[in-house]
Amino acid sequence: KNIDFVTWTTGAKKNSIIFSHNNIYYKDFTNEPISSWKNINLNKVRKKTINYLNSKVLGTKDYKYKDNKVDLDASSLFLKNKIDLNKPLVGLTTNVIWDAQITYSDTIFKNMMEWVFKTIIYFKKRTDINLIIRVHPTEVNADRPAREKVADRINKFFKNKLPKNVFIVKPEVETSTYSILDKCCSILTYGTKLDIEYAARGFPIIVAGDAITRNKKLVFQPKNKKEYFKLLDQLPMIKNNKKNDALKFAYHYFFKRTILIKSLEEVSYSFPPFKIKDDFLKQFKYDKNLHSICNSIINKKKFSAISD
């Protein structure tokens with residue numbers, strides 16, 4: 001009907017929102033030009049970006065939806081599962097199934113679970129490498145727990161007989177996802193935002209789904225299944241030389257496109273995870289970002305934080 005609209009969603013950071021014109025936010029990111037962030041002066045933002053990425057291990061600067069315990073020592077997990085760390089370890093991170101099915105477009109695979117199944121089948125012949133599948137913790141640790149579980153689907157498909165070099169970490173396991181992935185040589189993703197973080201940490205990432213990093217030249221983005229499995233054939237020798245660009249994009253995503261609003265106040269362990277402050281009008285007077293948001297809506301300009 002040629003009617004302009006604006007969408008919004010909560011950012012990861014406390015009291016922050018992501019806005020987009022005429023699109024849902026992740027599609028907006030996959031379609032925006034690289035020039036939107038490529039010329040960021042990394043010397044000015046490197047420390048701030050790295051500090052924030054490090055904070056995500058415990059989520060100290062992010063919205064809290066549930067008071068989850070996190071174990072930062074993965075050694076007991078590897079020991080319990082008899083994972084030989086002398087072998088290269090490849091990490092695979094999943095999305096919540098309904099999220100991956102509804103929110104993200106299918107690309108080279110029919111859906112996320114086909115990608116998971118085909119990848120496990122591939123690693124059955126790669127006995128030289130271990131694959132560890134970290135099921136997304138929000139399957140259970142969220143205000144809306146998933147009724148369809150990745151581990152259940154895997155065990156049903158393989159009749160509880162996984163290859164000996166494939167390991168599943170269920171969502172209820174308290175071991176930090178970061179502690180697990182830090183031991184990996186490469187990471188396989190579908191739609192999770194962990195690809196932003198780990199590309200910025202210098203890890204090689206292979207994206208098989210419709211992730212925000214697509215079309216950014218920051219990750220390995222196979223165009224079809226044949227390319228995907230050829231990339232897997234190169235493991236564990238794939239290199240990532242895009243760390244600096246990935247840090248620029250991380251700053252762009254977490255600090256510029258994710259806009260901090262002073263008149264919001266965090267309300268932990270609830271949804272939505274914030275409320276509007278009682279002194280909203282007083283805050284509004286001094287909130288440069290809120291004025292920028294209003295200006296972008298009215299004048300159809302790109303959304304970007306002025307103060308981060």
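**Chatting through the fold**

Colleague: Where is the place of P236?
Modeller: Keep in mind that we're looking at a predicted model here. The peptide bond that leads from L235 into P236 is cis, its omega being near 5 degrees. As for its place, P236 sits in the loop between α9 (225-234) and α10.

Colleague: And the peptide bond from F271 to P272, what is omega there?
Modeller: P272 is in a loop too, the one between β9 (264-266) and β10 (274-276). The bond from F271 to P272 is cis, and omega comes out near 0 degrees.

Colleague: How are α2 and α10 set against each other, roughly parallel or roughly perpendicular?
Modeller: Helix α2 covers residues 42-55 and helix α10 covers residues 243-257, and their axes are 9 Å apart. The angle between them is about 70 degrees. The range from 65 to 115 degrees counts as roughly perpendicular. That's why α2 and α10 are described, relative to each other, as roughly perpendicular.

Colleague: How do the residues of the contact of α2 with α10 divide into nonpolar, polar and charged?
Modeller: On the α2 side, the residues include L42, V45, I50 and L53, along with R46 and K48. They meet α10 residues, among them L247, A250, Y251, F254 and F255. Sorted by class, the residues of that contact come to ten nonpolar, two polar and three charged.

Colleague: Which strands does α10 lie across?
Modeller: There's an open sheet of three strands with antiparallel pairing, in the order β1-β2-β8. Its edge strands are β1 (6-10) and β8 (258-260), each of which pairs on one side only. Helix α10 runs at about 35 degrees to β8, and the strands it lies across are β2 and β8.

Colleague: Now the open sheet of five strands: which ones stand at the edges?
Modeller: The order runs β5-β4-β3-β6-β7, and the pairing is parallel. A strand with a single partner has one side left without a neighbour in the sheet, so the edges belong to β5 and β7 (205-207).

Colleague: Which residue in β5 stands opposite I133?
Modeller: Strand β4 takes in residues 130-134 and runs parallel to β5, with four bridges joining them. Opposite I133, then, you'll find I168.

Colleague: What angle does the direction of α5 make with that of β3?
Modeller: Helix α5 (residues 112-123) packs on the five-strand sheet. The strands touched by α5 are β3 (89-93), β4, β5 and β6 (186-189). Between the directions of α5 and β3, the angle is about 165 degrees.

Colleague: Which element gives the most to the lining of the second largest pocket?
Modeller: That pocket holds about 300 Å³ of space. It's lined by 13 residues, and L77, K80, N81, I168 and V169 are the ones nearest its centre. α3 (75-80) and β5 (166-169) each supply at least two residues of the lining. With four residues, the element that gives the most is β5.

Colleague: How many nonpolar, polar and charged residues has the lining of the second largest pocket?
Modeller: Among the residues nearest the centre of this pocket are L77, K80 and N81. By class, the lining as a whole splits into seven nonpolar, three polar and three charged residues.

Colleague: One more: what phi has K82?
Modeller: K82 is placed in the loop between α3 and β3. Although K82 isn't a glycine, its phi is positive, at about 55 degrees.

How values were computed
Residues numbered from 1 in each chain as written. Predicted model: local features only at pLDDT ≥ 70, side-chain atom pairs only at ≥ 80, totals over all residues. Heavy atoms only, no water. Axes fitted to C-alpha atoms, helices over the stretch in contact; angles between N-to-C directions. Parallel < 35°, antiparallel > 145°, perpendicular 65-115°, else oblique. Contact = heavy atoms within 4.5 Å. Nonpolar A, V, L, I, M, F, W, Y, C, P; charged D, E, K, R; others polar. 1 Å grid on protein atoms, 1.4 Å probe; cavity = no way out; pocket = protein on both sides within 12 Å on 5 of 7 lines; lining within 4 Å. Points joined across faces, edges and corners; volume = space filled by probe spheres on them. Pairing = 2+ DSSP bridges.
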